[in-house]
Amino acid sequence: MPLLLQATGFLVFLFFSGAVETSILHVAAEIALLVTVGFAGWLISRARHTLGKPHPGWRWYLASVVFLAIALALVPAMDYWPTWRTEFRLLHMHLNTLGLVGLTAIGTLQVLLPTVLSGPDAEAALRLRRDLPLAVAGVLAVGLGAAFWNLLSYFGAGLLLLVASRLGLAWLRQYGWRTIIADGASASLAISLCGFLLILLFGMAHAFGLIGGHDAVAAFIVIFLFPLVGGALSQLLPVWRHPGRRTPVRDRMRAVLVSGGAVRALLFSGGGILLALGFNEGLWLGAFSLLYFLFVVIKAFCFTSLE
């Protein structure tokens, strides 16, 4: 499946580079759709064969994959019904960003930050069960509203704001802000959640006509995804590099990765905010922050490889 998806991604790149015709784009979308449907079936099968009840987080992943499938089905639909192209493109974009990426990320954050802080969140499972219908409804409302009726998108953004705010408030009650910002990985994850809230507010401002939306996708990536990935990798790379029992080398590698994590996340947030407001300087700030993180990753690997 990963190899097939990488191949379809390369075909999409060729299409947007002007090297291939639209038919190749349709082939890529159809292949990706088949893989996505197969993956959804695999998820359902695995959930049915668990010992005991599966963790409710799996349904967030299933929902995100279903949104991806719908978004992929809209790719050929844009050409089959050209009069609806703009509407289908907007729906496709929102189902990808908020549906696939957003639900996956929010569902993961519910259990990732407790892992980082080594403090179980007893409310996570209940919250995941309770908030999934709200999150799914929010994504659908934002997507359909952006495509067909703006008023609906405000309602959907409100639902997503509610879900993300509940998660943030639960973290504050459970751990406290001092504990969260004291660790570079958890601080980065918390800042990414704040970035998600901000991008929803910027989206609402765009729908009201207060700001432009040209760089909305880039802003979403910089303000939300980059801090999320940075925080997650700061926690997970040492485990992947040194699997098995916890060792001093693994701890030292993690210490290098989390050092300055909050600063990097804030730089990402600054870049995303500038992009959302229409300032291209945000792209440079985001690029600088990404290079900063890559430097830290290289330093962490080199540091531990010498031991």
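Predicted model: local features only at pLDDT ≥ 70, side-chain atom pairs only at ≥ 80, totals over all residues.
1. Residues are numbered from 1 along each chain as its sequence is written, and side-chain values use heavy atoms, with hydrogens and water left out.

2. On to the core. A nonpolar core is a set of buried Ala, Val, Leu, Ile, Met, Phe, Trp, Tyr and Cys residues joined through side-chain atoms within 4.5 Å, where buried means under 20% relative accessible area with a 1.4 Å probe, protein chains only. The largest one has 57 residues, and W60, L98, I106, L109, W171 and F196 have the most contacts inside it. Two or more residues each come from α3 (57-80), α4 (85-117), α5 (124-147), α6 (150-174), α8 (184-207), α9 (216-241) and α11 (261-276); helices are DSSP runs (H or I, at least four residues), numbered from the N terminus. The top contributor is α4, with 13 residues. Apart from this core lies another, of eight residues, including L237, L257, F293 and A300.

3. L257 also belongs to helix α10 (residues 248-258), where R250, M253, R254, V256, L257 and V258 are buried. After α10 comes G260, with a positive phi near 75°.

4. Now for the open spaces. On a 1 Å grid over the protein atoms alone, a pocket is an open set of points with protein on both sides within 12 Å along at least five of seven lines, a cavity is a set where a 1.4 Å probe fits but cannot get out, and lining residues have an atom within 4 Å of a point. A volume is the space filled by probe spheres set on the points, which are joined across faces, edges and corners.

5. The largest pocket has a volume of about 660 Å³. It is lined by 29 residues, with M93, H94, G203, H206 and A216 the closest to its centre. The biggest supplier to this lining is α8, with seven residues. By class, the lining has 18 nonpolar, nine polar and two charged residues; Ala, Val, Leu, Ile, Met, Phe, Trp, Tyr, Cys and Pro count as nonpolar, Asp, Glu, Lys and Arg as charged, and the others, Gly among them, as polar.

6. The second largest pocket, about 520 Å³ in volume, has 24 lining residues, and V12, L25, L72, V75 and H92 lie nearest its centre. At least two residues each are supplied by α1 (2-16), α2 (22-48), α3 and α4, and α2 gives the most, with seven. The classes here are 14 nonpolar, seven polar and three charged.

7. Which residues line the largest cavity? They are S188, F226, P227, G230, G231, S234, G261, R264, A265, F268 and F293, around about 60 Å³ of space. The largest share of this lining, five residues, comes from α9.

8. The second largest cavity holds about 50 Å³. Its lining includes W60, L98, I106 and F196, residues also listed among those with the most contacts inside the largest core. Here α4 gives the most, with four residues, and the lining has nine nonpolar residues, one polar and no charged.

Methods
Buried < 20%, exposed > 50% of the residue type's maximum accessible area, 1.4 Å probe, protein only.
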